[in-house]
Amino acid sequence: MTRADFYGGLILSLFFGAALWEGWSFQYGTEFSPGPGFAPVWLSAIGLCVSLLVAVHGFRAMRNGASEAKAPALEKWGALRVILTLVGLAAMIFVVPWLGLALSILVFLLYLTLVVQRHSVVIGVGVSLATVVFFYFVFVYLLNVPIPKGPLGF
């Protein structure tokens, strides 16, 4: 763990805390099924716990002066992948009103697996399609969560 883990964990904790705060504003559930706030609350709470755990480990490593705290900084390609991922995520959020959520997630995952992570086409397309089908099945069919639909109807 490094100093970056401590500060990164704190920043992510703030993000997940804000998402959890916002998630509570949605209806958590009805008498027989989870509501639109169910998934955001649980995902934000889990993310908050994990990011706090990362921050605590980073803080303990900094205080102990462990050799792990002197780990090398992020490589250039690693930093570029983080930037490319954030740019792709911002673009996905921007195109959701025109493409719909499912198609936007599919395009983002294809970009992430094929361009940023440089996986093979078979793995990138397979994982992206499986993820979107799973997402659509769970949130739309099982949980009845309304999502923005695109020109193709999903």
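Begin by selecting Leu 106, which touches Ser 128, Leu 129 and Val 132 when residues up to four places away in sequence are not counted; contact here means heavy atoms within 4.5 Å. The model is predicted, so that local features need pLDDT of at least 70 and side-chain atom pairs count only at pLDDT 80 or more, while totals for chains, interfaces and linings use all residues. Residues are numbered from 1 along each chain as its sequence is written, and side-chain values use heavy atoms, with hydrogens and water left out.

Leu 106 belongs to helix 4, residues 101-116. Helices are DSSP runs (H or I, at least four residues), numbered from the N terminus. Leu 106 counts as buried because its relative accessibility is 16%; buried means under 20% relative accessible area, exposed over 50%, and partly exposed in between, with a 1.4 Å probe and protein chains only.

Next, select Ser 128, in helix 5 (residues 121-142). Ser 128 is buried, since its relative accessible area is 1%. Leaving aside neighbours within four places in sequence, Ser 128 is in contact with Leu 106, Leu 109, Leu 110 and Thr 113. Display its side chain and two backbone atoms come into view: the oxygen of Gly 124 is reached at 2.7 Å, and the nitrogen of Leu 110 at 3.4 Å.

Move to Ser 13, which is placed in helix 1. With a relative accessible area of 9%, Ser 13 is also buried. Its side chain makes a polar contact with the side chain of Ser 51 at 3.1 Å. A polar contact is a pair of N or O atoms within 3.5 Å; within protein, one must be able to donate a hydrogen and the other to accept it, and residues adjacent in sequence count only if both atoms are side-chain atoms. Not counting residues up to four places away in sequence, Ser 13 touches Leu 48, Ser 51 and Leu 52.

**Aromatic pairs**

Rings of Phe, Tyr and Trp (its six-membered ring) pair if their centres lie within 6.5 Å; planes under 30 degrees apart count as stacked, over 60 as edge-to-face and the rest as tilted. By this rule the model has eight aromatic pairs. Select Phe 6 and Phe 59: their ring centres are 5.5 Å apart and their planes stand at 40 degrees, so this pair is tilted. The pair links distant parts of the chain, with Phe 6 in helix 1 and Phe 59 in helix 2, 53 residues apart. Phe 6 is buried at 15% relative accessible area, whereas Phe 59 is partly exposed at 37%.

Then select Phe 15 and Phe 16, whose ring centres are 5.2 Å apart; the planes meet at 70 degrees, so the pair is edge-to-face. Phe 15 is exposed, with 53% relative accessible area, and Phe 16 is partly exposed at 21%.

**A surface stop**

Finally, select Tyr 28, in the loop between helix 1 (3-23) and helix 2 (38-64). Tyr 28 counts as partly exposed because its relative accessibility is 34%.

Methods. Helices (H or I, at least four residues) and strands (E, at least two) are DSSP runs, numbered from the N terminus.
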